[in-house]
Amino acid sequence: MAWFKKARKPIDAPAKGSRVPEGLWVKCPSCGKAIYNKDLAANLQVCPKCAHHFRMSAADRLRMLFDHAQFTELDAGLRSIDPLHFTDTKPYRDRLAAAVRAGGTRDAVIVGSGTLDDVPVVIAAMEYAFIGGSMGVVVGEKITRGAARALETRAPFIVVSCSGGARMMEGALSLMQMAKISAALGRLDRAGLPYIAVLADPTTGGVTASFAMLGDLNIAEPKALIGFAGPRVIEQTIRQKLPEGFQRSEFLLEKGFLDLVVDRRELKAILARTLRIMMGLPAPVIVRAEPAAESEPAEAAES
Ligand SMILES: [Zn+2]
């Protein structure tokens, strides 16, 4: 005989997956905790529990770095014309159209000009959601023009990389972008203007082999995958087991490939400080004094 009976029918278990409205919560792949989407966005896509850095869109990245999230987008209209008429599992032309429809960006980079802590600056941010953040002719041209704009306005240049490498659908034309961008960065260097490379997860292939590693400062986000070839290819080539943490930011910092590993929540402050030092501007003002009658701000002075 049972000790007690269930008098009422138990309530039905909710249908699988219907308990939480779709897209409101995200599970952190690092600590496994569920995070409310809005909390994640408010925390710059960094897990509040374990500091895992989720991928950030190029537009969010620019809004995070520019003052008051305001910037002027440069060369927004450039689009790939599929110069090789490339087809793999589907025509490249269709792939491009689908990527534009899905993400809202027209290629894998957004370039903007504006100010970062009152310092005029040009920033390019790569969009991983657009064909793996791959670098084709448009990405190369936009970054090159961004560098040219920085040179023209005597502003520092920052590129946030998030890319699987060169875009194979544009073949050798993609690879030429590596040299083209490097030459543009060389012109900035000769003009004495800072170029800072920020490496987000992942930064690999031809992007690592060119502008992502050419910064006066190379700054990475924590635990970002950074490399040229993938670990499996390297293991098969050298026939050796690779060390723990190989191709992650912290490992590369230790080996001297990077200058800093910076938590995303501190990135803007670190960039502001370093840009001011590099441009010979006064240190950031924490508490602004009342403006002296209509005087020019200090950073507008000739440097
Ligand atoms: Zn976490």
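The legends below describe close-up views of one predicted model. Residues are numbered from 1 along each chain as its sequence is written, and side-chain values use heavy atoms, without hydrogens or water. Local features need pLDDT of at least 70 and side-chain atom pairs pLDDT 80 or more, whereas totals for chains, interfaces and linings use all residues.

View 1. Cys28, Cys31, Cys47 and Cys50 each coordinate the zinc ion through SG, at 2.2 to 2.3 Å (donors are N, O and S atoms within 2.8 Å of the metal, or 3.2 Å for Na, K and Ca). The site is tetrahedral, with angles of 107 to 111° among the four donor atoms (four donors count as tetrahedral if all angles lie between 85 and 135 degrees). Along the chain, the donors follow the spacing C-x2-C-x15-C-x2-C.

**View 2. Cys31 and Cys47.** Cys47 counts as buried, at 0% relative accessibility, while Cys31 is partly exposed, with a relative accessible area of 29%. Buried means under 20% relative accessible area, exposed over 50%, and partly exposed in between, with a 1.4 Å probe and protein chains only.

**View 3. The largest nonpolar core.** This core has 42 residues, of which Ile143, Phe157, Leu188, Tyr195 and Phe211 touch the most other members. A nonpolar core is a set of buried Ala, Val, Leu, Ile, Met, Phe, Trp, Tyr and Cys residues joined through side-chain atoms within 4.5 Å.

**View 4. The surroundings of Phe211.** Leaving aside neighbours within four places in sequence, Phe211 is in contact with residues including Met126, Ile143, Ile181 and Tyr195 (contact means heavy atoms within 4.5 Å).

Key. Tetrahedral: all angles 85-135°; square planar, octahedral: opposite > 155°, others 65-115°.
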